[in-house]
Amino acid sequence: MDVIVKPTPILNGEIGALSSKNYTTRYLLVAALAEGTSTIYYPAHSEDSDAMRRCIRDLGAVIEEDEEKAVITGFGKSPRDVKELNVGNAGAVLRFLMGVTALSKEVTFVNTYPESLGKRPHDDLIETLGQLGVEVEHNEGKLPITIRGGQPKGGKLTVSGEVSSQYLSALLFLTPLLSEDSEITVTGDLKSKVVIGQTLEVLEQAGITIHAADDYTLFRVPGDQSYEAKTYTVQGDYPGSAAVLAAAAVTQSDVTIRNLSEDSKQGERAIIDVLRMMEVPLTHKDGNVHVQGNRTLKALEFDGDAATDAVLAMVAAAVFAEGTSRFYNVENLRYKECDRITDYLNELRKAGANVEERQAEIIVHGRPEGVEGGVEINAHYDHRVIMALTVVGLRAHQPIRIKDAHHVAKSYPQYFDHMKALGANVEWVK
């Protein structure tokens, strides 16, 4: 389904932040890898987190849920033999489970999104799995991928961090379960280091010991460990909230988002600092972010690698800032559900934004007067692109139509409901 976004000068109201997708998928996985029963309070419900639920069930985990919590009995070090797994369009879920299914005899990950996840490469992780003695059959590094494992061996491993930190996370989930100690050396410039911090945080909570160098170039992982059954509470999601905060920033607004912890380790928490640098009036206290937007923003320069999943929302806000903004060190945006630099900027241009791209940069020449709009734009099946283009539509002079906007459900199924609750003029159309 498509969404039509009409000009909306004013947003008002209060919403609760969605539960974090990144933490939910990690907690689901460590609960499945534990012997015994774990409880996860306030888990996210989205296509990505549901993909992890589906796959760990297939591998033998038992999940019972109510509105508040998920209770999971894990399969420990012995996933059930299963012929196929379907991760949908969830890249992180695929990569984490490519690691875990090295403990299985043979599993094929099917390709159900050939125009999105099906185009994304996984060569770096495939190469490292080979170092563990795991045979991987693949389509030039892409789906469908068959893992033939059963008895992976630890030891000295290398993995590239140039494309994604998810490869490293996959190894960090797997290697504690191996009989041997492992030493993982990261080559190249590790992308999204802050997300590795989230993985290590969850592993520590699950009773796993990992010795990490301060710069995350070397990890020593003792072998023969076991995940402990624990109780976890999922914090509010900054990546999804970034788009709502950007929408409040570019309109005349009085908007509050609850449940966004000030001390969160989510890199996308930087959206708060970015909006402050753009001189957006806001306060962040007791887990509540209160934005009183006045439609006036200042340009800025920002290193986007620390906040990858909030960059598109930041760019959407910068479209209306006074001056030229620059978001650098963002090349890994090219390897997401779509090329989030070329594809996204092409759609922004259609709407009337003045943007330029470099290999690892996005440059935005702000138009405080707004953009023309009046066009149909393609979100490329990408939830972050959908949310960011919605922000731009609020300040367009004419409505914009976003194709296939239902793919926002990948991470934030309630996004348009929340935007409507704040007064955004959006409607679904077939």
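**Entry 1: one serine.** I began with Ser 241 and, leaving aside its neighbours within four places in sequence, found it in contact with Ala 17, Ile 257 and Leu 260 (contact means heavy atoms within 4.5 Å). Ser 241 sits in helix α7, residues 238-250. Helices here are DSSP runs of H or I with at least four residues, strands are runs of E with at least two, and both are numbered from the N terminus. I also checked Leu 18: Ser 241 is 223 residues away from Leu 18 in sequence, but the two are 7.5 Å apart in space, C-alpha to C-alpha. Is Ser 241 buried or exposed? Ser 241 is buried, with a relative accessible area of 3%; buried means under 20%, exposed over 50% and partly exposed in between, using a 1.4 Å probe and protein chains only.

**A note on the model.** I'm looking at a predicted model, where local features need pLDDT of at least 70 and side-chain atom pairs count only at pLDDT 80 or more, while totals for chains, interfaces and linings use all residues. Residues are numbered from 1 along each chain as its sequence is written, and side-chain values use heavy atoms, with hydrogens and water left out.

**Entry 2: a sheet.** Next I traced an open sheet of four strands, in the order β25-β27-β1-β28, with mixed pairing. Its edge strands are β25 and β28 (426-429), each pairing on one side only. Two strands pair if DSSP finds at least two bridges between them.

I went through the pairs:
- β25 (residues 376-378) and β27 are parallel over three bridges, with Asn 378 opposite Lys 403.
- β1 (residues 2-5) and β27 are antiparallel over three bridges, and Val 3 has Ile 402 as its bridge partner.
- β1 and β28 run antiparallel, joined by four bridges, and Val 3 stands opposite Trp 428.

**Entry 3: two helices.** Last, I looked at α4 (residues 123-131) and α5 (residues 166-174), whose axes come within 9 Å and cross at roughly 30°. Axes are lines fitted to C-alpha atoms, for helices over the stretch in contact, and angles run from 0 to 180 degrees between N-to-C directions. Asp 124, Leu 125 and Thr 128 of α4 meet Tyr 167, Ala 170 and Leu 171 of α5.
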